[in-house]
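Please walk me through the structure below, covering its helices, its salt bridges and its aromatic pairs.

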Amino acid sequence: TTDYIKNIFDDFIEFHGDRNFGDDKAIIGGIALLDEIPVTVIGEQKGKSAKQNMERNFGMPEPEGYRKALRLMKQAEKFKRPIITFIDTPGVGAEERGQGEAIAKNIMEMSKLEVPIICIVIGEGSSGGALAIGVGDKIVMLENAVYSILSPEGFASILYKDASKAKEAAENMKITAEDLKKLEIIEKIIEEPEEGVTEKTLEKVCTELKKYLKQTILELQKENTEKLLERRYEKFRKIQ
């Protein structure tokens, strides 16, 4: 997420803490400028080394991370700022300190926020860890990202009682951007270079993503708030 923030937005200011328990480093968020448009940006952050992964809990937020995200989203609503979220998580850890309740509350609150919301799956989008910041007016995926109820390994373990059948599970789960576009769960696929998103190709991907974000936000801001919320609600009812 930090790489996308650096390449798409200007003047990013990070906020910390949930005003209740602590600051979860698996979730980063703050305010920034998308050219001249003030926005709130929230994303799940992994690390680029073993040490960073440990610090960020491998991108798996705790309840305080979801509460921090919700605090920033409610602030965005107060100041009429569009919300952009970056999803990249293998899921969630143990059910501690009300993990499920925190996820459910975010889903409920996001469904009725009176500002445009765009959600972008940049890597793994698994389980409640993705849904907790994934209720938006538009859902976008990078070409090689995945979006699912849980990992194929977990799915295979539950359904087939054999984690080695993860490949078969992945095919049946329809987790790719192409599959989800056909199912009308996502609105757009952001193309990636053949070698994927690397330090050399990140700028190109971010340029396309920035163009989409700016155009889409301007369109969503023109919509009547009541219609925006109604369409968001119907979108997720249809997905279920």
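This is a predicted model: local features need pLDDT of at least 70, side-chain atom pairs count only at pLDDT 80 or more; totals for chains, interfaces and linings use all residues.

**Helices, salt bridges and aromatic pairs**

Just after helix α3, Lys80 takes a positive phi of about 60°. Helix α3 covers residues 63-78, which makes 16 residues. From its first C-alpha to its last it reaches 23 Å, close to the 22 Å expected at 1.5 Å a residue.

The buried residues of α3 are Pro63, Glu64, Gly65, Tyr66, Lys68, Ala69, Leu70, Leu72, Met73, Ala76 and Glu77. What covers the buried residues of α3 includes the strands β1 (10-15), β2 (27-34), β3 (37-44) and β4 (83-89). The helices α4 (99-110) and α5 (127-131) are also included in that cover.

Helix α9 can be read in a similar way. Its 20 residues should span 28 Å at 1.5 Å a residue, and the end C-alpha atoms are 28 Å apart, which agrees. The buried residues of α9 are Leu202, Val205, Cys206, Leu209, Tyr212, Leu213, Thr216, Ile217 and Leu220. Seen down the axis of α9, these buried residues fall within an arc of 130°, so they line one face of the helix. The face turned away from the buried side carries the exposed residues Glu203, Lys204, Thr207 and Lys211.

Helix α9 also takes part in salt bridges. How many salt bridges does the count come to? The count comes to 15 salt bridges. One of them joins the side chains of Asp35 and Lys210, at 3.0 Å from N to O. This pair links distant parts of the chain: Asp35 is in the loop between β2 and β3, while Lys210 is in helix α9 (residues 202-221), 175 residues apart. Asp35 counts as partly exposed, because its relative accessibility is 31%. Lys210 is partly exposed as well, with a relative accessible area of 22%.

A salt bridge is also formed by Glu36 and Lys214, whose closest N and O atoms are 3.4 Å apart. Glu36 lies in the loop between β2 and β3 and Lys214 in helix α9, so the pair ties together parts that are 178 residues apart in sequence. Glu36 is exposed, with a relative accessible area of 53%, whereas Lys214 counts as partly exposed at 23% relative accessibility. Taken together, Asp35, Glu36, Lys210 and Lys214 are linked in a network of salt bridges.

Another salt bridge involves Lys238 and Glu184, with the closest N and O atoms 3.4 Å apart. Here too the pair links distant parts of the chain: Lys238 is in helix α10 (residues 225-239) and Glu184 in the loop between α8 (177-182) and β8 (188-190), 54 residues apart. Lys238 is exposed, because its relative accessible area is 55%. Elsewhere, the charged end of Lys235 sits over the ring of Phe236, 5.9 Å from the ring centre.

The aromatic pairs come last. A pair of aromatic rings is described by the distance of the centres and the angle of the planes. A search of the whole structure finds three aromatic pairs. In one of them, the rings of Tyr4 and Phe86 have their centres 5.8 Å apart and their planes at 25°, so the pair is stacked. Tyr4 is in helix α1 (residues 2-8) and Phe86 in strand β4, so that this pair links distant parts of the chain, 82 residues apart. Tyr4 is buried, with a relative accessible area of 7%, and Phe86 is buried, with a relative accessible area of 0%.

Phe86 also pairs with Phe9, and that aromatic pair is edge-to-face, at 6.4 Å centre to centre with 85° between the planes. Phe9 lies in the loop between α1 and β1 and Phe86 in strand β4, 77 residues apart, which again links distant parts of the chain. Phe9 counts as buried, because its relative accessibility is 5%. Tyr4, Phe9 and Phe86 form one aromatic cluster.

Key
Residues are numbered from 1 along each chain as its sequence is written. Side-chain values use heavy atoms; hydrogens and water are left out. Helices (H or I, at least four residues) and strands (E, at least two) are DSSP runs, numbered from the N terminus. The expected span of a helix is 1.5 Å times one less than its number of residues. Buried means under 20% relative accessible area, exposed over 50%, partly exposed in between (1.4 Å probe, protein chains only). Contact means heavy atoms within 4.5 Å. A salt bridge is a side-chain nitrogen of Lys or Arg within 4 Å of a carboxyl oxygen of Asp or Glu. Rings of Phe, Tyr and Trp (its six-membered ring) pair if their centres lie within 6.5 Å; planes under 30 degrees apart count as stacked, over 60 as edge-to-face and the rest as tilted. A charge sits over a ring if NZ of Lys or CZ of Arg is within 6 Å of the ring centre and within 35 degrees of the ring normal. The arc is that of the directions from the helix axis to the C-beta atoms.
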